[in-house]
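These notebook entries record what I looked up in one structure, entry by entry. I begin with a question about contacts.

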Amino acid sequence: MSKWDDKYAGAPEGLFGVEPNSYLEQVAQRSDFTAKSGICLADGDGRNSRWLARRGLSMTALDLSGVAAENGRKLDAAAGVLVERIAGDVAHWNPDPGRQWDAAFQFYLQAPAAERLAGLHLAEACVRPGGWIVVEGFSKQGGGDDLGPQDPELLYSQDELLSAFQDVETLELLSGVVRLDEGGRHQGLGGVVRFCGRKR
């Protein structure tokens with residue numbers, strides 16, 4: 001059993017809580033956000049994709065942990081929503097040829113740079129022209145209560161996000177300290193980077 005399988009096995013009610021990421025909520029409530037479908041990459045047990053499904057989006061979710069995906073299906077059923085859940089690695093998984101979504105979301109993929117970059121490239125490949133890409137992760141600049149990994153190799157920078165995409169218009173690129181309230185694991189002030197853009 002992988003490290004993440006083990007963690008999710010011990011938290012069937014939701015490893016990072018049940019409420020969506022606050023930046024996801026902010027973007028989804030924009031007047032110009034009209035996506036009808038989306039894919040959440042590294043989605044864990046699905047609090048973000050489940051919230052979007054409740055708002056009427058047709059959702060797909062990918063996570064490395066098969067235990068997380070199974071927990072997510074049970075939580076989806078309890079919430080009365082349906083999300084397509086796939087156990088797979090962002091570095092190796094690809095959608096069926098021609099399949100694209102209106103939006104791609106990646107929150108807190110805590111992995112080495114090559115895997116994070118693969119996730120960002122996958123997000124761009126997954127969305128159709130005009131589609132949204134929304135990312136949040138812990139920042140190399142740190143700050144706050146120093147939540148998240150302490151290894152800089154697992155953290156994001158603004159430059160990394162700007163250079164990752166080939167054909168995406170940046171709408172927002174922010175870094176700073178925000179208050180996180182995401183289950184028992186992300187509680188307090190955390191230094192984060194946030195990106196929102198649209199594929200040209």
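Leaving aside neighbours within four places in sequence, with which residues is arginine 200 in contact? I worked on a predicted model. I found that arginine 200 is in contact with Pro129, Gly130, Asp167, Val168 and Glu169, once neighbours within four places in sequence are left aside.

**Entry on arginine 200.** I located arginine 200 in the segment after strand 7. The side chain of arginine 200 reaches the backbone oxygen of valine 168 at 3.3 Å. I also looked up arginine 128: arginine 200 and arginine 128 are 72 residues apart in sequence, and their C-alpha atoms are 8.8 Å apart in space.

**Entry on arginine 194.** I then turned to arginine 194, which is found in strand 7. Is arginine 194 buried or exposed? I noted a relative accessible area of 9%, so arginine 194 is buried. A polar contact of 3.3 Å joins its side chain to that of serine 22. With neighbours within four places in sequence left aside, I listed the contacts of arginine 194 as Ser22, Tyr23, Gln26, Val135, Glu136, Glu172, Leu173, Leu174 and Val178.

**Entry on aspartate 43.** I found aspartate 43 in the loop between strand 1 (37–41) and helix 3. Why does aspartate 43 count as buried? Its relative accessibility is 8%, which is under the cut-off of 20% and therefore counts as buried. Not counting residues up to four places away in sequence, aspartate 43 touches Asn48, Ser49, Ala61, Leu62, Asp63 and Arg85.

**Entry on the nonpolar cores.** The largest nonpolar core has 28 residues, and I noted Phe33, Leu52 and Phe105 as those with the most contacts inside it. At least two residues of this core come from each of helix 2 (22–28), helix 3 (47–54), strand 2 (58–63), strand 4 (101–107), strand 5 (127–138), strand 6 (168–182) and strand 7 (186–199). Helix 2 supplies the largest share, four residues. I recorded another core apart from this one, of 26 residues, with Trp93, Leu122, Val127 and Leu173 among them. For leucine 52, I left aside neighbours within four places in sequence and found contacts with Leu24, Ala28, Cys40, Leu57, Met59 and Phe105.

**Entry on aromatic rings.** How many aromatic pairs does a search of the whole structure find? My search of the whole structure gave six aromatic pairs. Phenylalanine 105 is buried, at a relative accessible area of 1%, and phenylalanine 107 is buried at 7%. I noted that Phe33, Phe105, Phe107 and Trp132 form one aromatic cluster.

**Entry on charges over rings.** I found lysine 7 over the face of tryptophan 4, at 4.4 Å from the ring centre. Arginine 116 lies over the face of tyrosine 156, at 5.0 Å from the ring centre.

**Entry on helix 5.** I looked up helix 5 (residues 113–126), which has 14 residues. From first C-alpha to last, helix 5 reaches 20 Å, close to the 20 Å expected at 1.5 Å a residue. I listed its buried residues as Arg116, Ala118, Gly119, Leu120, Leu122, Ala123, Glu124 and Cys126.

How values were computed. Residues numbered from 1 in each chain as written. Predicted model: local features only at pLDDT ≥ 70, side-chain atom pairs only at ≥ 80, totals over all residues. Heavy atoms only, no water. Expected span 1.5 Å × (residues − 1). Buried < 20%, exposed > 50% of the residue type's maximum accessible area, 1.4 Å probe, protein only. Phe/Tyr/Trp six-rings, centres within 6.5 Å; stacked < 30°, edge-to-face > 60°. Lys NZ or Arg CZ within 6 Å of the ring centre and 35° of its normal. Core = buried A, V, L, I, M, F, W, Y, C linked by side-chain atoms within 4.5 Å. Contact = heavy atoms within 4.5 Å. Polar contact = N/O pair within 3.5 Å; in protein donor to acceptor, adjacent residues only side chain to side chain.
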